[in-house]
Amino acid sequence: MIQEYPHGHHESVLRGHCWRTVSNSAAYLLGSLRPDMSILDVGCGPGSITVDLASMVPQGKVIGLDTTSDPFEEGLKLAAERSIANVSFEVGDAKRIPFPDKTFDMVHAHQVLQYLNEDDRLQAIREMRRVAKSGGLVCMREADQGTVTFYPELNGLNEFVNLYCNVARASGGEPNAGRRLHTWAKEAGFLAADISATAGTWCYNSPAERSWWSGVWVDRIEQSAWRDTTITGGHATQNDLDRLADAWRAWGSSEDAWYAIVHGEVLCQMR
């Protein structure tokens with residue numbers, strides 16, 4: 001059974017995901033790209049990183065894989081706008097990737113493993129390893145909620161981060177995935193000598209950035225599938241979520257607002 005993305009594909013969720021590019025979310029792999037590479041983007045969502053990767057391998061091909069076709073329209077639209085033809089999208093499960101062994105020069109996953117339980121994420125990494133060619137790369141990046149820092153230091157945002165982590169763990173996920181990513185790669189069969197572990201960040205401070213980031217989370221709290229999961233799971237009430245949405249509004253309206261989160265990154269070399 002294919003596991004659905006727990007946040008769903010509400011417009012507010014896709015709005016946040018469509019902001020992601022190779023430069024702001026996968027810069028750690030830029031030095032490994034070649035113009036003729038074949039790349040699989042696992043858990044591609046609306047495909048903004050997928051399409052960006054395709055633009056960087058003009059003689060190659062990039063396939064985006066996700067559990068549902070719901071977000072693919074955004075990726076296809078972006079590819080058409082940028083006149084990028086070497087990209088396509090397919091429905092499939094990271095735990096049972098529908099391609100033969102040693103198919104791709106690079107297998108990439110961004111913000112995927114944190115939503116899977118221990119057995120499933122290990123299986124997903126093994127599957128990414130299986131479909132990567134000898135001499136190829138498996139590239140993974142995951143956020144680490146325990147590194148979230150912000151100003152002003154609002155109690156409501158602290159409460160939100162704690163709630164986010166509780167909801168994630170209740171479904172078997174690991175919100176502090178970034179710090180564990182290199183160990184998961186070893187558990188899936190990669191040798192320590194073949195893993196390059198680094199860190200990247202997202203940071204929001206400009207008026208446009210803080211308006212956008214706060215707006216994304218206000219709408220996700222009020223309208224996305226995460227809201228429903230949080231309430232039905234007994235993690236928070238509607239009144240709680242209203243208060244947390246107001247905290248995001250207050251943060252976004254502050255001229256001094258600043259927010260950052262660290263991500264763990266690994267480049268895993270295939271032998």
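This report describes the nonpolar cores, the helix packing and several individual residues of a predicted model.

**The nonpolar cores**

The largest nonpolar core of the model contains 31 residues, and those with the most contacts inside it are Leu-40, Val-107, Leu-113, Met-128, Val-138 and Met-140. Two or more residues of this core are given by each of the strands β1 (38–42), β2 (61–66), β4 (104–110), β5 (132–143) and β8 (258–269), and likewise by the helices α5 (118–131) and α7 (181–187). Helix α5 supplies the largest share of the core, with five residues.

**Helix packing**

Two packed helices are described by the angle between their axes and the distance between the axes.

| Helix pair | Axis distance | Crossing angle |
|---|---|---|
| α1 (11–18) and α8 (207–223) | within 8 Å | roughly 150° |
| α8 and α9 (225–232) | 5 Å | about 50° |

The axes of α1 and α8 cross at roughly 150°, and α1 is therefore roughly antiparallel to α8, since angles over 145 degrees are placed in that class. The crossing of α1 and α8 is left-handed. On the side of α1 the contact is made by Ser-12, Val-13, Arg-15 and Gly-16, while α8 contributes Trp-212, Gly-215, Val-216, Asp-219 and Arg-220. Sorted by class, the residues of this contact are three nonpolar, three polar and three charged.

The axes of α8 and α9 meet at an angle of about 50°, and these two helices are therefore oblique to each other. Their crossing is right-handed. Here Arg-220, Ile-221, Glu-222 and Gln-223 of α8 meet Ala-225, Trp-226 and Arg-227 of α9, and the residues of the contact divide into three nonpolar, one polar and three charged. Arg-220 of α8 takes part in the contact with α1, and Arg-220 is also named in the contact with α9.

**Backbone features in loops**

The peptide bond that leads from Tyr-151 to Pro-152 is cis, with omega near -5°, and Pro-152 is found in the loop between β6 (149–151) and α6 (155–170).

Ser-83 has a positive phi of about 55° although it is not a glycine, and Gln-111, which is not a glycine either, has a positive phi of about 55°. Ser-83 is placed in the loop between α4 (72–81) and β3 (87–91), whereas Gln-111 lies in the loop between β4 and α5. Ser-83 counts as exposed because its relative accessibility is 69%, a value over the 50% cut-off. Gln-111, in turn, is buried, with a relative accessible area of 9%.

Val-161 is found in helix α6 and counts as buried at 13% relative accessibility.

Asp-144 has its place in the loop between β5 and β6, and at 3% relative accessibility Asp-144 counts as buried. Residues up to four places away being left out, Asp-144 touches Pro-175, Asn-176, Ala-177, Gly-178 and Arg-179, together with Ile-261 and Val-262. Asp-242, which is 98 residues from Asp-144 along the chain, has its C-alpha atom 25 Å from that of Asp-144.

Leu-30 is located in the loop between α2 (22–25) and β1, and with 38% relative accessibility Leu-30 counts as partly exposed. Leaving aside its neighbours within four places in sequence, Leu-30 is in contact with Val-22 and Met-56. The C-alpha atoms of Leu-30 and Met-56 are separated by 9.0 Å, although the two residues are 26 residues apart along the chain.

How values were computed:
Residues numbered from 1 in each chain as written. Predicted model: local features only at pLDDT ≥ 70, side-chain atom pairs only at ≥ 80, totals over all residues. Heavy atoms only, no water. Core = buried A, V, L, I, M, F, W, Y, C linked by side-chain atoms within 4.5 Å. Buried < 20%, exposed > 50% of the residue type's maximum accessible area, 1.4 Å probe, protein only. Helix = DSSP H or I, 4+ residues; strand = E, 2+ residues; numbered from the N terminus. Axes fitted to C-alpha atoms, helices over the stretch in contact; angles between N-to-C directions. Parallel < 35°, antiparallel > 145°, perpendicular 65-115°, else oblique. Left-handed = near helix turned anticlockwise from the far one by under 90°. Contact = heavy atoms within 4.5 Å. Nonpolar A, V, L, I, M, F, W, Y, C, P; charged D, E, K, R; others polar.
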